[in-house]
Each structure stands twice: as structure tokens, then as C-alpha cells.
Amino acid sequence: MKNTIRFGAVAAASALALAACSSAPEDGDAPEGAEDYKACMVSDAGGFDDASFNQSAYEGLQRAADELGVETAEAESTAESDYGPNLEAQVDAGCDLIITVGFLLGDATAAAAEANPEVNFAIVDFGYDEPIDNVKPLFFETDEAAFLAGYAAAGASATGTISTFGGINIPTVSIFMDGFLAGANRYNEDMGGDVTVLGWDGSDGSFTGDFENQTNGQNTAQGFLDQGADIVMPVAGPVGLGAAQAVQSAGDAWLIGVDSDWSQSAPDYADVVLTSVLKNISNAVFDTIESSITEFSNDPYVGTLENEGVGIAEFPEGVVPDEVVSELDTLRDGIIAGDIEPSTAG
Amino acid sequence: MSGEEKGGAAEERTPNEPEAASPADPETAPEPPRADAPGDPGADSGSRSRTVLREILESSTLVVIMAIVASLAIGGLLIVFADEDVREAATYFFSRPADTFQAMGDALGGAYSAMFSGAVLNFNANDFSGVIKPFTQTLTQATPLIFAGLGLGIGFRAGLFNIGAQGQLLIGATLGAYVGFAWHLPWGIHLLVAIVGCALGGAIWGFIPGFLKARTGAHEVIVTIMLNYIALNLVAWLLTLDAFQREGSDNPITPIVDETAQYPLLLGSDFNLHWGFVLALACAAGVWWLMERSTLGFEFRAVGANPHAARTAGMNVTKAYILVMVIAGALAGLAGSAPVLGTEKVLTTATAGSLGFDAITVALLGRSRPLGTVMAAILFGGLRASGPTLQVQAGLPVDIVFVIQALIVLFIAAPPLVRSIFRLPAPAHEKEVAA
């Protein structure tokens, strides 16, 4: 055992020594423009490495630290019971703005905001019925972008069947599927197509049950492919990577990414990514921090096609027919102008 | 069979640690319970897992304390290397080594002081209530762990390795929360009914594996693990129903439970500590009486020590298994009352967190005794309570807390390891009394 310890110590020391040869930094080059502003963030129980909205929000915070020079602090929740204490710890640590991620933190954020009127808060993906003076909600009309993706998918499909599934049936997930379905329906109306959408009927559909198990994603996607679908849009965070695998091995099928541009964030599958429905949480967080440094406002931030809070990524060459692509611009304008309702609900 | 394994373990250790090995011998070769050997299929593995379980339970208090010390020390190393300043300073270690040591000192000091001010006392606070608030937070976090740990401890002493506290807790929380937000009853009665709802939900979820074990011999480990999944998915489904959602919202989160069904705060509105903690302590006293003073508890222990001998002695082993699981389930269900009626006041799929699994550690750490369980729960509550300050003040990832917890478990589960690290003599066999 002693030998083992010695060996371990030598190995650790040599590893340090190898890394220890660069030169010491000069003293006194403090970053200029360091703001006297502290932006903090509390994750929900998914953690900042969830490859989903916690992670996007966290990237926004990090960008603010890098580009604006604000001080930051973050607290990762691992259980519901962490929300309150994490918020309290950040208030005690002198945070000026505390950003919470997800509807699960809705109650805790409201309570902390009430108890600490001098601190400002923002919450991602959640809005309150009655606005709170020091809480800024950030949410996203993802159905606007998903509508365009659904339209394009319907146009690009060779089999006339496209599909989508979610992780859990919650509004922030189903809004993607709803827009997707509405977009495909619109294509059928405009172009006289007969494209079927699997996995979502406007109120219920296919859900894998969590945001973790990639095998479920693969199986669900395979099920759709077996039913003749050639395009799959998984709205389930990392579960979608399982779907990507199924799509890639099928060969003649396409995948639609969500949240970020999957041709960048999942480069292994870039060759099967038709497009991605972008939800720019990190930009929203960054903008909120930036504007709150000068003046905080509790007006909700709503990410739309118009302000590019949501959008769709570029298509690969020649997959989506030209007349569909040009029609998308018209539709985009129509949605921005409010002439087109991008969901099946309305 | 178990004797052979022990021999192997002792041999491995002997060459390296001769001085520690010989005193450890009596501990490493205890007489395994033999009575169940003949002609009972499955009894072999059963007796072995029981022996292992008993070994863990029998590790001495000193070993437990040393395990905590060792894990904090190793945790300290991790803290040092997880610290960004240290890593940065280490890149130019040879041109200015003092920086590295300074950064290491800062990291360690910062982390341990953040732990202390997050879990025990915060001397930076302006007033007395601010100073003691962290400790009340520790007790709040400990409350569900006490409940669930007590229930698991009863199971362990009766020879049932119940992994199902997570599911029992969740079902208890579901029933309790439903009573809390859907029914509207007068003060006092409402809370009482909601608490009973929690206990009942857990008891039902504990009855199933107990019944299956007693009647069909289905192994409780497998059944309880599977019931955890069933509980989680059942709750996830319930939360999609309008009856469990807030009006005008589709998010899977229940309405806040009525104020009449919430545990009153124990120390006023400045603190989160609620009467659930007192109820947990009362349960600890009750469990002590049950296990140490009542006939039923004696039967449980006898069944745990040797079910065949217990049966021969005229005890009803079937009844004991079912009762143990029902009581353990009810206590786990009460653990569910701490979040839904105490701190969070709502039910979501994340309500159980990892409480049911942490409680297993707590029960093992507390050697399945009520007092030990309470102490272990407070230790774990403290570790949890220090999470936010560790992250926010010291800038450490919360995972460090879990690493320390896991190290404690690892050391507890390997008493000879701790003894050899600290050169402890093996204690005499103290517990024959208890088993």
C-alpha cells in the first residue's frame, strides 16, 4: 500500500511538474473595465451540464463574464430542496442580478424576490401571471421557428411522413412539436401536399419519459423510421443524440436539431442535420445581464423570429426544394407581422 | 463460503500491513450464521448478504468517525486541485512556487470556512439569527433523512435490504401533497390528515415488496428497485393530469399545499426549520422503543439474525417481513412530508431528489440505530446545507460535496481499510447484544 501511495505521489508530482514550466504572469495587469456588478445563476435539478437549457443559460453567463467583465457566481441545484438555499446564498454573497433556470424555480424565485426587493432576478422559460417588480421573465416563442422547420421538413420529405417526439410533455417541449405540426399542416394547405406528422397530434404524442436515456431516443426514432418517416425532430435534449444515431444508420433520413445548431454542437451527425430550431437562451441571458447593468426592467423578454431569439439554421444544399425555401421568407414575414398563427392551438 | 472470502481479504492485506492485520483477525473471521445451511434453496446467498450487512453495521463508532476524517482529508485534496487559482498558479510552479501554496491555502481555507458558515455557524452575519441560521438549515435538510434512515435501519436489522425508500418517499409525498392542496380542512386536522396521507402512501409502497418477499420469496432488492421506477413514472404521469396541475398552467408542478396543511415553522419566519424535525425526533424515540423494548422489535431482530431459528422458535417470519416493510415504508413516506408539507410545499418529479438513496447511507453510517441515524442525518444535512455556500462563496462545484459523501460511504463499507490507515486495533465483538 505504501508503494502504491508513493507511486501515486510521484505520478501526481511529475504531472504537476510537467505543467509547471510556464512563466509567472506579470503583476498588476488587472482586466480593465471590470464592472462592479455581480451576476449569478441557479440551475434547476438538471445541473449546468444538462446539454439543454441550463447549459445554454450558463453559456450566456460565462460570455457575460468574458465580454463584459462582470463578476459571476453560480450554484447548481441537485434537488428541489436546494433552490431556496442556493438563492439565499447568492443574495448573501451580494449578487446584483440572479438568474434562475426553469419553471421548477418559479416559486422559489418569487419568494426570494419578495424577501429581497433590492436584488433583481430573471427567470428562464417561465412567466408569472402577475408581474413581479424585480423579476424579469425570459421566454421564447419557439413555435414560430418550429413552424418554419415543420414547413421545410414537409417540403423536403420524400416519403410524405415526418415525425417528432419529446422528452416529457411539458409546455416548453410541446411548443416545439406544436409549431412543427402547424408548419406541416400549412404546407399541406399551401402546396396541396399530403404530409403526415407522427408523434404529435396537437395535444398529445410520443414522449420518451426523461431527458437522459439516449437508447429510448434511438428506439423511438427507429419506430418512426419503420413507419415510413424520413425526418425526425427530437425535442428531448441529449436524448435526441440517440435519435440522430438511428437517423444516421437509416441512411436516407434527416434530423432536425433543437435549441442549438446541431451541425455545430453535434458534429458527428452534421451530415444528417436538415436544420435546427434555435432557441437562443444564452443570448437572452447575456442581453439581460448587459442591459441590467445600466437599468433593470421587469418587462418580459420574449424571444421571437423578429428579435432573433428563436430561428432556424441553414439547410444543406439542395435538400429543401427552392420554392419551399422562398416561401419560408414569406411565412417568416407573416409570422412576424402576426398574420400567421404558428401553432395548432390558435 | 463467506469464511473463505474473508480469508482471502486478510491475506491480501497481510504482506503490506503486518502490524494492522493480526489484531484485525478476529473481526475478519466471524462465525457466519450456519443454521440456515441445510436444504433451503437460496439460503446460501441470503446468509452471505446478511453476513456482509451485519459486518457493515458492526463497524465501531471510532471507525465511523475516522472514515469521516479520512474522507474530509481526501476531499481537501480534491478541493485544492479543483480550484482554478491553484491550477493556474501551478502552471508556473517553478518560477514562483509560493503562489501555488498560497492558492492552495486559500482554496482549503475558503472551502472549509464556507462549509462551516454554510452548515454550522455564520459569524459574518449581522444578527444572532443570521449566525445560527446555517445550523437550522442543516437540521431542516436532515429532517427527511432522519425519517427515511430510521425506516431503512429497521429493515437492515430485520435482514431486509430495502432499496425502495425513494419510491416509498415519492408515493408518500404524492398522497400527502394531494391531501394538502386538494382538500380543504380546518387547522390542525388538515396537517394531521396530510401527515397520515404521507405515511399511508409510503406504507402501501412498502407493503408490496414485503408481501411479495414473505409470500413468494421475491427478493426485496429487485422488487424495491423496480418499484422506485414505477413510483417515479407514476408521479410523472399524475403530474400531467389537470387534477395535479395549477389552474391555467400545463407545467408538471402541483399547486402549493394549503397553509393549514403545512408544518408550522419551529423558530419563526426567519428560519426554514419546521415541526417536521420534531416529529422526526419523536419517530426516532419511537423506533428506539420499538426495536429495543418491544416484543415486536425483538422478533424483527431475531428474524434479521436468523430467520430459520426465529421460525423454529415460533415466530411468524412472514408477518415480520410484511410489518417491517410497512413500517419502513411509512417512515419513508413521512420523509416525503418534509419537502411537500415543510420546505417546498409542492410536488414535482424532482421532489425526492436523491433522498431515498442518501438515506441508505445515513442508515448504514448510523449503524441502523436511531441515535446513530439522527447523528448521521445531521452530518449529511450539514454537507447538503454547505452546498450553496461552497458553490457561491468558495466557487467550488457542488460535486465535491457528493464526492465527500461517497468517500464516507466507501470508508464505512471497508472498516479494515480505515483501521489500517489509522493503525486502529480491531475492536472486540461488541454487538452480539444488538443483533
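Helix 15 of chain B, spanning residues 355-365, is mostly covered, with 10 of its 11 residues buried. Here a residue counts as buried if 20 or more other C-beta atoms lie within 10 Å of its own, as exposed if 12 or fewer do, and as partly exposed in between, with C-beta atoms placed from the backbone. Helices (H or I, at least four residues) and strands (E, at least two) are DSSP runs numbered from the N terminus. The buried residues of helix 15 of chain B include B:Leu355, B:Ile360 and B:Leu365. After this helix comes B:Arg367, which has a positive phi, near 50°.

The model is predicted: local features need pLDDT of at least 70, side-chain atom pairs count only at pLDDT 80 or more, and totals for chains, interfaces and linings use all residues. Residues are numbered from 1 along each chain as its sequence is written, while chains are lettered from A and ligands numbered from 1 in the order in which they are written.

Turning to chain A, its secondary structure comprises 11 helices and 12 strands. Of its 346 residues, 53% are buried. The domain assignment, automatic or from a database, divides chain A into domain 1 (38-140) and domain 2 (142-279 + 316-337). Their centres, taken over C-alpha atoms, are 30 Å apart. Six residues of domain 1 of chain A and eight residues of domain 2 of chain A take part in the contact, where two residues are in contact if their C-beta atoms, placed from the backbone, lie within 7 Å.

Chain A also holds an open sheet of six strands, in the order 7-6-8-9-10-12 and with mixed pairing. From one strand to the next, the twist averages 15°. Strand 10 (residues 273-279) of chain A joins strand 12 of chain A in the antiparallel sense over three bridges, and A:Lys279 stands opposite A:Val310 in strand 12 of chain A.

Helix 8 (residues 239-250) of chain A touches strand 8 and strand 9 of chain A, making about 165° with the direction of strand 9 of chain A. Axes are lines fitted to C-alpha atoms, for helices over the stretch in contact, and angles run from 0 to 180 degrees between N-to-C directions.

Technical notes: Pairing = 2+ DSSP bridges.
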